Structure formats: structure tokens, C-alpha cells
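Let's walk through this one together, from one place to the next. Have a look at the sequence and the structure first.

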Protein chains: 2
Amino acid sequence: MENLQKQDFSKWYLQTIQQADLMDYSPVRGCMIFKPDGYELWEHIQKEFDKHFKAEGVRNAYFPMLIPESFFAKEKDHIEGFSPELPFVTEAAGEPLEEKLALRPTSETMIGHAFSNWINSYRDLPLEINQWANVFRWEKKTLPFLRTSEFLWQEGHTAHENEEDARTRTMRMLTIYKQVVEGLLAIPVYDGEKTPSERFAGAVSTYSIEAMMKDGKAVQAGTSHYMGTKFAEAFDIKYLNRDNEHVYAHTTSWGVSTRLIGATIMTHGDEQGLVLPPRIAPTQVVLIPVGPWKKNPEIVEKLEEIKATLISKGLRVTLDDTDNSPGFKFNEWELKGVPMRIECGPRDLENQQVMTKMRDAQEKVAVSFDTLVEFVVSQLDEMQVRLLESARRMRSGNEYTHINTLDELKAHIEEKRANQEVPGWVLIGWDGTEETEAKIKEETGFTTRNIPFCPPIEKATCLVSGKPAKYTVWIARAY
Amino acid sequence: MENLQKQDFSKWYLQTIQQADLMDYSPVRGCMIFKPDGYELWEHIQKEFDKHFKAEGVRNAYFPMLIPESFFAKEKDHIEGFSPELPFVTEAAGEPLEEKLALRPTSETMIGHAFSNWINSYRDLPLEINQWANVFRWEKKTLPFLRTSEFLWQEGHTAHENEEDARTRTMRMLTIYKQVVEGLLAIPVYDGEKTPSERFAGAVSTYSIEAMMKDGKAVQAGTSHYMGTKFAEAFDIKYLNRDNEHVYAHTTSWGVSTRLIGATIMTHGDEQGLVLPPRIAPTQVVLIPVGPWKKNPEIVEKLEEIKATLISKGLRVTLDDTDNSPGFKFNEWELKGVPMRIECGPRDLENQQVMTKMRDAQEKVAVSFDTLVEFVVSQLDEMQVRLLESARRMRSGNEYTHINTLDELKAHIEEKRANQEVPGWVLIGWDGTEETEAKIKEETGFTTRNIPFCPPIEKATCLVSGKPAKYTVWIARAY
């Protein structure tokens with residue numbers, strides 16, 4: 001599969017997730033099966049976010065999945081945004097329902113309805129809730145992990161006394177998203193604000209973290225929304241404030257989903273298949289006996305001992321003592337993206353050492369038994385950092401900040417295509433009009449990703465109109 | 001609410017779960033909202049079971065929630081059992097679906113379909129998967145936590161080479177269910193086999209753990225099924241065995257659900273409301289300043305210090321320094337079932353002590369600051385054990401093993417009703433016929449719970465037919 005990743009990224013992606021045994025297709029259109037190695041990635045992601053949410057004082061709850069159709073109609077933008085994608089339950093227990101029930105695409109409406117019952121006074125605020133759940137968006141075009149009809153996510157929903165508190169919560173969650181995605185998944189992201197046309201249906205402000213995949217395309221890796229009082233007005237979330245007046249609460253919502261798994265694969269995978277950041281790898285270290293190891297039972301005994309020691313340090317370790325050849329095993333565990341391999345054969349045993357190889361390195365390193373544990377721990381830590389650095393380098397190699405006109409953008413895309421390179425992300429000046437965004441999209445397929453809080457440079461003039469730029473914006477093709 | 005628990009158990013239950021702020025109703029029939037204190041009970045239950053499953057080598061995965069209607073038809077008993085309760089998605093994204101999709105009531109069919117693709121050789125066995133998910137059963141009569149149209153559960157599904165391995169897994173999971181329900185939730189259970197009429201739709205053998213509530217009714221708290229090769233035949237789960245023959249795998253499934261929360265409440269709750277086993281209580285210890293504490297800031301400072309120390313020991317602690325009166329707070333935290341209360345006022349501070357009260361005790365106990373941490377830890381441990389013992393006493397007080405004929409059973413029920421007592425559980429001899437079961441149900445409303453592995457005594461003759469008993473069975477009214 002030499003160069004498949006460069007030549008046909010989509011094919012490489014689908015092959016990689018199958019060979020790594022992360023998923024399977026399902027008989028229902030657009031719905032996928034998360035196999036154990038794929039689901040465990042989500043478990044590690046969940047655990048880390050959940051810890052952060054709880055430290056913020058946000059509590060988990062669970063709301064009904066089925067939402068009456070009439071709920072969607074209560075917020076005009078919300079129904080416009082979601083109704084094209086809703087699946088509906090229309091019959092149950094052999095009888096037609098009086099009102100159609102949507103499978104939730106997100107829970108602002110159901111939770112808004114509940115909040116209106118639960119919030120009476122400023123003493124009830126802030127009310128900060130998170131839900132881990134399955135959600136449904138009946139997508140036309142699907143891609144495993146990145147865009148599926150059913151997916152798993154968390155959705156935080158909070159209500160506050162005023163705009164300032166709500167905006168603080170909105171930004172705080174975006175910061176947590178950035179920290180976890182960079183720290184746990186080793187995916188560098190730009191945090192910034194979405195343009196109005198890319199806002200969540202019903203939001204006043206939408207913020208996102210945006211990640212670049214190895215094919216130069218963008219993945220929106222997490223979003224955080226300030227709703228103003230729009231959902232409060234739609235669902236009558238009013239409270240008695242400190243001045244004894246009934247006023248609307250200010251609400252937020254924020255979410256990350258199983259698409260983070262897809263983003264991780266597309267950020268770190270290489271020609272040999274999956275490459276997993278050590279912190280989320282189901283198996284962090286694989287132990288493989290080599291040479292004529294079956295004649296020498298001490299080898300597997302030693303590996304068992306190493307395994308037990310590493311597990312006692314909290315590491316996730318597998319010993320592969322199946323009958324397959326070492327070469328077969330090396331390949332199989334590389335496809336699975338296991339961060340570290342440890343080999344031991346008769347000569348190694350004699351020398352009281354093992355050979356080690358990191359998934360993202362070329363060379364093997366000999367390590368003596370007595371320093372092995374510290375070595376493994378430090379190497380996994382280093383690989384975690386190295387993957388983030390390497391993703392940052394990949395990203396900066398595909399960022400273009402010198403393009404000032406639509407013609408230059410088209411020429412850039414053409415040139416990259418001709419050289420079989422990726423067009424990457426382009427930083428542009430934007431006059432803030434929808435027409436400009438629409439024209440760029442129509443003529444190049446690039447869409448605005450976000451207005452980064454910290455752009456590499458500030459752009460002076462609008463790419464399309466040539467007028468003074470109001471904003472500096474990342475544009476790219478996106479998943 | 002003196003004696004409400006005895007006089008009207010249903011009313012007491014609904015009042016208790018509302019006053020403890022565990023749940024709310026939803027606008028969708030039979031679907032409930034798990035509020036944070038209710039959902040956290042589930043999180044503690046999940047965490048404990050998940051740890052056990054992983055220790056068994058069972059791995060988590062996630063399968064699509066929507067199941068094609070045709071899948072159900074593949075196993076005759078399965079469709080008969082579930083089709084009266086299925087909700088169906090019939091349209092999505094504005095268009096009718098080609099095939100109706102059921103919201104899963106359980107996933108044997110979807111997982112059977114996947115297993116048939118994943119299992120080829122005996123080397124692929126055992127295949128042992130668990131899923132944490134929401135499921136749907138459109139029930140006519142619903143009751144929060146115990147019977148809802150949507151609920152949360154885990155469903156384990158395993159495939160094995162032969163009957164022995166599959167039966168071993170079936171029984172092993174039942175043992176784990178018993179251990180966790182007794183150890184974590186302090187609910188004593190009888191483990192045993194279900195009669196054929198009460199079997200899971202499609203199972204060869206169904207085993208259950210059955211718990212007695214304070215109103216003497218039974219809750220089926222967990223089930224484990226041996227499917228034989230029935231689902232393997234329906235979904236073509238065949239493998240090449242060690243003799244190079246293509247044969248059907250033997251499968252199992254097993255599950256516990258959020259109804260365990262309802263069972264916990266109905267087992268331990270008392271006249272004052274909720275009583276939570278310390279191991280699952282969201283707040284294990286509440287600290288309340290008393291007397292003229294506002295004039296003496298040292299009191300809250302001391303309580304803050306105690307709180308920090310207890311939290312550092314891994315305990316879940318709340319300090320209630322709101323403006324409400326101590327009496328109001330005592331009542332509120334009792335309603336919430338918090339296991340331990342610690343009070344500190346000016347005189348306590350002077351004496352370097354606090355007053356403590358356990359939720360299930362009458363008296364307060366003075367404890368000096370310097371022995372407090374050890375005292376709290378040991379008291380919570382003791383309360384956990386005490387609740388289990390107390391539930392065992394309640395249960396034995398409502399078990400009847402001396403009833404030998406249907407007339408005696410009816411007289412027993414009449415007598416209890418006349419005395420406003422609960423009829424409880426009755427251990428009977430059973431000739432093994434469906435007619436007998438049907439007659440008991442029709443004439444008394446009692447149903448067979450299970451054939452306990454360890455009955456208090458063995459019954460000699462059938463309650464109805466008077467013939468020699470084939471089995472000794474618990475019968476009771478059930479949720």
C-alpha cells in the first residue's frame with residue numbers, strides 16, 4: 001500500500017479503519033458498528049472529558065431520546081437547520097402515534113422544556129448539565145466516525161443569569177475542548193468563532209476548534225454555542241432575578257462526538273496504517289517473542305513478568321504468543337497503531353535485554369531489563385508529545401497565508417492539484433458579507449472554518465471584494 | 001407523611017423520588033428524565049459492573065440502535081415476545097423508509113447479524129461483547145425507573161464453541177450480578193432459574209436474580225440467558241470447529257438496567273424518604289453548621305477543613321452553608337437519603353467535636369475532631385452492611401414457606417389484606433406444568449419468580465395439583 005495515503009486518502013482511511021478492526025458497517029444505512037478497539041478509543045475520550053466536566057461542577061443527566069415534532073417548531077432557526085435530517089417514529093406497539101416523535105439530533109428543545117420547569121429563581125442558576133447520548137442526523141453522504149446517521153456524543157446545556165456568565169461558560173468549554181483534543185488526542189486545533197452562516201441552528205455565537213487532517217481538509221472537532229435568550233424565549237425559561245423581575249435566562253450548549261476518533265486517525269495515521277496516541281491506545285505496548293522462542297520457555301516467562309510489571313504501572317499491555325510468525329505479528333500490531341513494540345528472543349534473554357520499537361520511529365533500540373519500565377513510561381510520554389509536534393509540522397506545511405485574491409486562491413488550488421499536493425488551509429481577509437463566503441464556496445469548494453482567536457497574521461483586505469477586511473478567517477475544504 | 005410507606009406504597013414511592021430530586025416526567029409517554037442525583041446512581045452502578053465485565057475479558061462495543069423489521073422475524077419466539085412493544089421509525093429526512101426500523105428493545109438480532117460476519121473459526125471464540133445503551137419497550141403501564149418506555153441498560157452477548165462454555169458464562173454473569181447487587185446496592189437476591197413461561201423470548205434457559213421490595217412485591221433485578229444454538233441458527237453464526245466441521249456457536253446474553261435504581265429505593269427507603277447505600281450515594285456525608293454559626297466564622301472554616309480531608313480520602317461530601325435553618329436542612333438531606341450528617345455549632349467547636357447522625361439511626365453521636373475521619377469511614381462501611389442485613393430481615397419477615405395448597409394461599413393473601421400487611425413471597429411446590437402456573441396467576445395475581453438454587457426448604461407437593469413437586473419455586477406479585 002505504498003503511498004496509498006497520498007494517492008487516495010479516502011481509500012487509505014477506509015482500509016486503515018478496517019484493518020485496525022475499529023468498525024464494521026451495518027445493515028442500516030449510514031449507521032456503523034463501533035467494534036471493541038474503536039469503542040475503547042471513545043471510552044478514553046469520554047473518561048477524560050467527563051473528568052473535566054465534573055471538575056467544572058457540571059453534572060450528568062439523561063433526557064428522553066424521542067422529541068415531539070412540535071418542540072422543534074418553537075425555535076425558527078432550529079427547525080430550519082435540523083428538520084431536513086430528522087428520522088421520525090410514527091407508530092409504536094402496533095398503533096399510529098398521535099404526534100410524530102423525532103429521534104434527537106441534539107437536545108436543546110427537550111432540555112429547554114425541562115429547564116423551564118426547573119428554573120424559578122436566580123438561586124437555581126447557573127444550571128449546568130451534560131448528557132452522554134446517541135444522536136441521529138439522517139445524512140445523505142456518510143463516512144465512518146466522521147459523519148454517520150447515528151453517532152455518540154456529549155452535549156452540555158447550561159442556563160445563566162446574564163450574558164456575561166453564559167459567555168464565560170461558552171468560552172471555558174471551548175478552552176477545555178482545545179486542551180483535551182491537543183493533550184489527549186495530540187491534534188493541534190485553531191479555536192475561533194464561526195461565521196454567521198456556519199452557526200449552530202439557533203445560536204447567537206458559535207465557537208469551534210478546527211483540526212487539519214493529513215489530506216489538508218478540515219474537521220470541526222468541537223463546538224460551543226452562546227444562545228442568548230433565544231431558546232429561553234422559545235421554551236419560556238424565565239426566572240425571578242435579584243431585582244424581583246421575571247427575566248429570561250441566557251443559555252449555552254457545547255458538544256464533541258465520536259468524530260474525534262475519525263480526526264485522530266486522519267491526523268496521525270501513516271502508510272503502514274493506524275498510529276494511536278499512547279494516551280488513548282487500547283494496547284499501548286505489545287510484547288512479542290522472536291527467534292526460536294518456543295524451544296526456550298524462559299522467554300515467554302520473562303515477557304509475562306514484564307507484562308505484569310507494566311500493567312502494575314497502569315499501562316495497557318498485550319503479550320502476543322500466538323503461533324503466527326514475528327513478521328506477521330509486527331505487521332498486524334502496526335496496522336492497529338500500537339505505540340510500542342517490545343521483542344525478546346534467545347540472544348536478547350542472554351544479554352538481559354529486549355529490543356524496542358516505537359510505532360512512529362524507524363529504529364529499534366536495545367534496552368536492558370533493569371531499566372525497561374522507566375524507558376517504556378518515558379518513551380510513551382515522548383511519543384505523545386512527538387505526535388502533537390509532528391501534527392503541528394504537518395499543519396504548518398499546509399497553511400497558506402500569502403493569498404490575497406480569489407484568482408490567487410484558484411491558481412493555488414490548481415497548482416497544488418497539478419503537483420498532486422493538498423491545497424490545505426488558506427488564511428484570508430473577509431469583509432464579513434455572506435456574498436463573499438458564498439462566492440468562495442461556489443468557485444472553489446472552500447468554506448470558512450473559523451475566525452481564529454490567534455491567526456498567524458492579520459489579513460488587510462477581503463479576498464473577494466478587495467475592501468478592508470473585517471475579519472481574518474481560515475478557509476478550507478471540510479469533512 | 002407518617003406511615004404513608006405502609007398505607008400507600010406507590011404514592012410513597014412517587015413522592016420519595018420527586019422529593020429526592022432523582023427524576024422528572026417527560027412530555028413523551030412513559031419516558032422519564034434522569035436528573036443529576038438519579039443519573040449519578042446509575043453512574044456508580046455502571047462503573048462497578050463495567051469493572052467486573054472488563055476483569056472477565058468482556059469488551060465494550062456499540063451497535064446501531066435501529067434494527068430492520070425483518071431481523072426480528074428470523075427468530076420465531078423472539079418476534080412473538082417483542083413485537084407488541086416495538087416503536088418504529090417509518091420516515092426520515094422527509095421521505096418514507098423502504099423498510100421500517102425498530103428502536104432496539106434488546107440487540108440479539110443486530111449483534112447476531114454482526115457475529116455471523118465476525119466468527120469463522122474456533123479461534124474466534126469465545127467472542128464476548130457488552131454494550132451500554134438506551135433501549136425501548138413501549139409499555140402500557142409505566143413506573144419511573146422500574147418500567148419506562150425508554151431505559152438504560154447493559155446487554156452482554158457472547159458466543160462459544162459449545163454448550164458447556166456458554167452455560168459457564170451464563171452462570172458466571174448471574175453470580176457477578178448477585179455479588180454487585182448485594183455488595184453495592186445492599187439488596188439481597190435469590191438467584192435461580194426462570195420457569196419456561198417466564199423465559200426471555202428465544203432463550204433455552206433464563207436465570208434471574210429476584211429482589212423483594214418493602215411492599216413484598218418482587219423485582220427481577222437481572223437476567224442471564226443461555227440461547228443454545230437458536231440465535232446462531234437464526235443468524236447463521238457458524239464456525240469451523242477443531243474437527244474441521246462447520247457448526248453453530250452457542251450464545252448467551254445477560255443484562256441489568258436502570259430498574260436497579262427503583263429496586264434500591266424500594267428496598268431501603270423509609271418513612272422519611274430516600275435511604276441510599278453509602279457506596280452509591282452522590283453525597284455520602286453532608287456537613288451542616290448549627291446554632292449561631294454565622295457569628296462564628298471558625299465553624300464554617302472548620303467544616304471546610306473537614307470536607308477537604310474527607311474528599312482527599314475519596315469520599316463524596318457536601319457542605320450546606322446556605323441560609324436555610326438547620327431543621328430545614330436536616331429534613332432536606334434526609335429526603336435525599338444522604339447516609340451521614342455531621343453538625344457543628346459553637347459549643348461543639350469549643351469541645352473540639354462534631355455531632356454525627358447516620359441516616360438509618362435514631363441517635364446522634366459526638367465525635368472528636370481527631371478521630372473523625374476514621375469514624376466516618378468505618379460508619380459508612382458499617383451502614384452499607386447494616387442496610388443489607390436490614391433488607392434481609394425485612395425479606396425473611398415476608399417469606400412464607402408453610403403454604404401447601406391453593407386454598408391456603410388464598411387464605412394467606414386474604415388474611416394479610418385484612419390486617420393491612422403485605423402478602424410477601426410464598427415458596428411452593430410445583431409440578432412443572434404451565435396449567436398450574438396459569439391457575440395461580442389467574443386466581444391470586446402471584447407469578448413464578450424463579451426456582452431458587454438455594455431454597456430455604458424443599459417443597460414436596462404441587463400447590464395446585466397436589467402431585468409430587470418437580471420444583472420448589474418462589475411466587476409473588478411482581479413489578
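In chain B, B:Lys357 sits opposite B:Lys364 of E19(B). That pair belongs to strand E18 (residues 353–358) and strand E19 (residues 364–368) of chain B, which run antiparallel and are joined by 5 bridges. Here strands (E, at least two residues) and helices (H or I, at least four residues) are DSSP runs, numbered from the N terminus, and two strands count as paired if DSSP finds at least two bridges between them. E18(B) and E19(B) make a hairpin, with 5 residues between them.

Before going further, keep in mind that this is a predicted model: local features need pLDDT of at least 70 and side-chain atom pairs count only at pLDDT 80 or more, while totals for chains, interfaces and linings use all residues. Residues are numbered from 1 along each chain as its sequence is written, and chains are lettered from A and ligands numbered from 1 in the order in which they are written.

Staying in chain B, look for the open sheet of 8 strands, which runs in the order E3-E7-E8-E14-E11-E10-E9-E23 with mixed pairing. Strand E3 (59–60) and strand E23 (451–452) of chain B are at its edges with a single partner strand each, so one side of each has no neighbour in the sheet. Further in, strand E8 (residues 150–160) and strand E14 (residues 250–257) of chain B run antiparallel, joined by 8 bridges.

Now for the helices. In chain B, the axes of helix H14 (residues 406–418) and helix H15 (residues 434–444) come within 11 Å and cross at roughly 30°. The axes are lines fitted to C-alpha atoms, for helices over the stretch in contact, and angles run from 0 to 180 degrees between N-to-C directions. That makes H14(B) roughly parallel to H15(B); angles under 35 degrees count as roughly parallel, over 145 as roughly antiparallel, 65 to 115 as roughly perpendicular and the rest as oblique. On the H14(B) side the contact uses B:Leu406, B:Leu409, B:Lys410 and B:Ile413, and on the H15(B) side B:Ile440, B:Glu443 and B:Thr444. Residues are in contact if their C-beta atoms, placed from the backbone, lie within 7 Å.

So how do the two chains meet? The contact takes 40 residues from chain A and 40 residues from chain B. On the side of chain A that touches chain B, the largest share, 6 residues, comes from strand E5 (residues 87–92) of chain A. By class, that side of chain A has 26 nonpolar, 7 polar and 7 charged residues; Ala, Val, Leu, Ile, Met, Phe, Trp, Tyr, Cys and Pro count as nonpolar, Asp, Glu, Lys and Arg as charged, and the others, Gly among them, as polar.

E5(A) runs antiparallel to strand E5 (residues 87–92) of chain B, with 5 bridges joining them. A:Glu91, for instance, has B:Phe88 in E5(B) as its bridge partner.

Note on methods:
Contact = placed C-beta atoms within 7 Å.
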